[in-house]
Amino acid sequence: MERTYSEQELEQAIRRTAPGGPPKPDFEAWQQRHAGALCATGRSVNRKTNDGPPVTRVIRLGRCIMEKRRTRFAVAAAAVIVLAVVFFGRGTNKAWSMEQTIAALKKIETLHITGKNLCEGKLVDFECWVRLFGEGSDSLRMRYQCGCERKTTVVVQGGTVYAYWPAGNVVRIMDGSKMEDLQYWYEGAKISPWLTGKLLETLKLIGRGWQQKVETDPNTGTEQIIVTCNHPPSNISALLVVDPQSKLVRQAKLWRNLRREGEPEFDAQAIVYNPEVPTEFFEFKIPPGATVLSKEDGEKTQALFERAEQLFHQDKKYAEAIGLYQQVYDRYPQIGWGSTSLMMIGICHTHLGDHGKAIEFYQRALREHPTGWEGVIQFYLGAAYLDNGQTQEALKAFENCLTDAEGKRGPDEFPVKDAREYIAKIKGK
Amino acid sequence: MRPYEDNEKAAVEAARCGDVEALAGLYERFYPTLVWVAYSVLLDRSLAEDAAQQAFATACEKLVSLRSVDRFGPWLTAICRNAAQDIVRSRQRAAALQKDAAGEIHAESSHDGFDRTVKEAVDRLPPVYREVIVLHYYNGMSYKEIESVLGVSGDKVKGRLARARKQMQSHLEKEGFRREQ
């Protein structure tokens, strides 16, 4: 039997069929998920203008603090020290002045920082030593030891950077000038040791909303100055514990939000000034038998990997991409490119419909070289098992994916949400 | 109140220079539109939210390449449409997910057969027509607002809406629902 409807009824019915309520924008949540994108706005402008006024450059460099998962090591520490100086410079408290802090910093030759830092999405212990032998970027020496599973050591010797992964006994030599995260240090070193002089004058402009109070440290009974501050354009906030005697920063924490909410992304729990550190400690010696990936090799492999990525993502030529990923893996099976390539070969096979082969490569990627991609690989493995009709194995892989994501990824992020949906579907059957 | 709330061009310029507050304002302003644009491609609300967020991230990364800040809205919605299409392409199970999602929506919103059939009619529209229907009815946007975010003329918006309604009407007729004269 036919039913009639009016235009108005149709319009009302269309509105009723909208799935869910009105979308609610949550910028904070978006920022958490896409921190790199925020960083990119500054970088983009930087690229376009090539060279802005110093303060702009500083702000933009500062914006990238804490966002890179690779070699972010002491950048945050530099920022904290910079912030400390800036805030002292703007302070009204007669107990300090910028000059005092600058004077104190001028006497510093070496820093030793211990604490927690974000690596591959996890807060891990780190230890970092920094020394400036004089002015100029060539004088920068740094050694950073990450407490992550891969126990990565990074040594900066002026413009040359060595990254060492002990598990595979692999050394990669890199050009520091091409590593964005190091530019902050180089900029500082070019002007003057320990970020004094002109740079400080420039940096006076950036701090906002700072507060300071004097407290007694409950552990030692000594006085300490607590400084809190934020920098909205960079979306960071910081807490500094300052020694009123020496005017130097004892502890520093940085958050990737303006209200110091949650765990700090960088937590310098102890900063020691001028520790006894022999000069050789800042010189990297290639371990016997190590596979050395030179700058040229690295650039060639990077180009090969990027070509493979283009074939996969843009051209959708999966069979051709497999060939290039395989070449990358054959060159350097021990480091990140190798395991990522194995995972990508697996995904290519999935796209080509060869689920058995896909499973084989995902398993190899998991077995041969642990990286921060385990959870993602587990997800793809689960999906491949499912396609292959191996439901129980799929369930286990999706559960492993969720276990791996704990503390690393949010519940609505890929692949956590997807793995959860698949588990629900499998269990619902 | 966010800065530049009344001045989109100024907000875009400020965001290009890395002003987080300006970026937040743009996000809040455009997010619902992006979700519905992505939904018109994906037919899945949850995936559409993912696509909208991803699109905004991509836009941030490419903001410097935007030649005219006047075209921010259409440029952003184009990025979002592409992000949604990428999801469709990259997800092997996209089709299955769409069916599942559509099934859930039917179950939730089907007060009677008419609503279900109307939903089917919306889902069957080509994305280009579904987009204007979704923006107009789901997002409550006027023709002028749609015109500004899609970057097409008002006549085109009206034309697409009219053709969309016509196609829906024909589906409804097949299912036994006749429009009153």
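Chain A has 15 helices and 13 strands. The model is predicted. Each legend below covers one view.

**View 1. Chain A as a whole.** Chain A counts 429 residues, and 42% of them are buried. Contacts between residues at least 6 apart in sequence are split by range: 53% join residues at least 24 apart.

**View 2. Strand E11 of chain A is largely enclosed.** Strand E11 spans residues 249–255 of chain A. Of its 7 residues, 5 are buried, so the rest of the structure largely encloses this strand. E11(A) pairs with strand E10 (residues 236–242) of chain A through 6 bridges. It also pairs with strand E12 (residues 266–273) of chain A, here through 3 bridges. E10(A) and E11(A) run antiparallel. E11(A) and E12(A) run antiparallel too. In a regular strand, side chains alternate between the two faces of the sheet.

**View 3. A:Lys253 has a partner on each neighbouring strand.** A:Lys253 belongs to E11(A) and stands opposite A:Leu239. In E12(A), the bridge partner of A:Lys253 is A:Asp267.

**View 4. The hairpin of E10(A) and E11(A).** How many residues lie between E10(A) and E11(A) in their hairpin? There are 6 residues between the two strands. One turn residue is A:Lys247, with a positive phi of about 65°.

View 5. A:Asn274 sits in the loop between E12 and strand E13 (291–293) of chain A. Its phi is positive, about 50°, although A:Asn274 is not a glycine. Is A:Asn274 buried or exposed? A:Asn274 counts as exposed, because it has 12 C-beta neighbours inside 10 Å and the cut-off for an exposed residue is 12 or fewer.

**View 6. Chain B as a whole.** Chain B has 9 helices and 1 strand. Chain B holds 181 residues, of which 48% count as buried. Among its contacts with a separation of 6 or more, 60% come from residues 24 or more positions apart.

**View 7. Helices H2 and H3 of chain B pack obliquely.** Two packed helices are described by the angle between their axes and the distance between the axes. Helix H2 (residues 20–42) and helix H3 (residues 45–62) of chain B have axes that come within 8 Å and cross at roughly 130°. H2(B) and H3(B) are therefore oblique to each other. The crossing of H2(B) past H3(B) is right-handed. From H2(B), the contact residues include B:Leu23, B:Tyr27, B:Tyr31 and B:Leu34. H3(B) contributes, among them, B:Arg45, B:Leu47, B:Glu49 and B:Phe56. By class, the contact has 15 nonpolar, no polar and 2 charged residues.

**View 8. B:Leu43 in the loop between H2 and H3.** B:Leu43 lies in the loop that joins H2 and H3 of chain B. B:Leu43 is not a glycine, yet its phi is positive, about 55°. Is B:Leu43 buried or exposed? B:Leu43 counts as buried, because 25 C-beta neighbours lie inside 10 Å and the cut-off for a buried residue is 20 or more.

**View 9. B:Gln54 within helix H3.** B:Gln54 is placed in helix H3 of chain B. B:Gln54 has 24 C-beta neighbours inside 10 Å, so this residue counts as buried. B:Cys80 lies 26 residues away along the chain, yet its C-alpha atom and that of B:Gln54 are separated by 7.8 Å.

Methods:
Residues numbered from 1 in each chain as written. Chains lettered and ligands numbered in written order. Predicted model: local features only at pLDDT ≥ 70, side-chain atom pairs only at ≥ 80, totals over all residues. Helix = DSSP H or I, 4+ residues; strand = E, 2+ residues; numbered from the N terminus. Pairing = 2+ DSSP bridges. Axes fitted to C-alpha atoms, helices over the stretch in contact; angles between N-to-C directions. Parallel < 35°, antiparallel > 145°, perpendicular 65-115°, else oblique. Left-handed = near helix turned anticlockwise from the far one by under 90°. Contact = placed C-beta atoms within 7 Å. Nonpolar A, V, L, I, M, F, W, Y, C, P; charged D, E, K, R; others polar.
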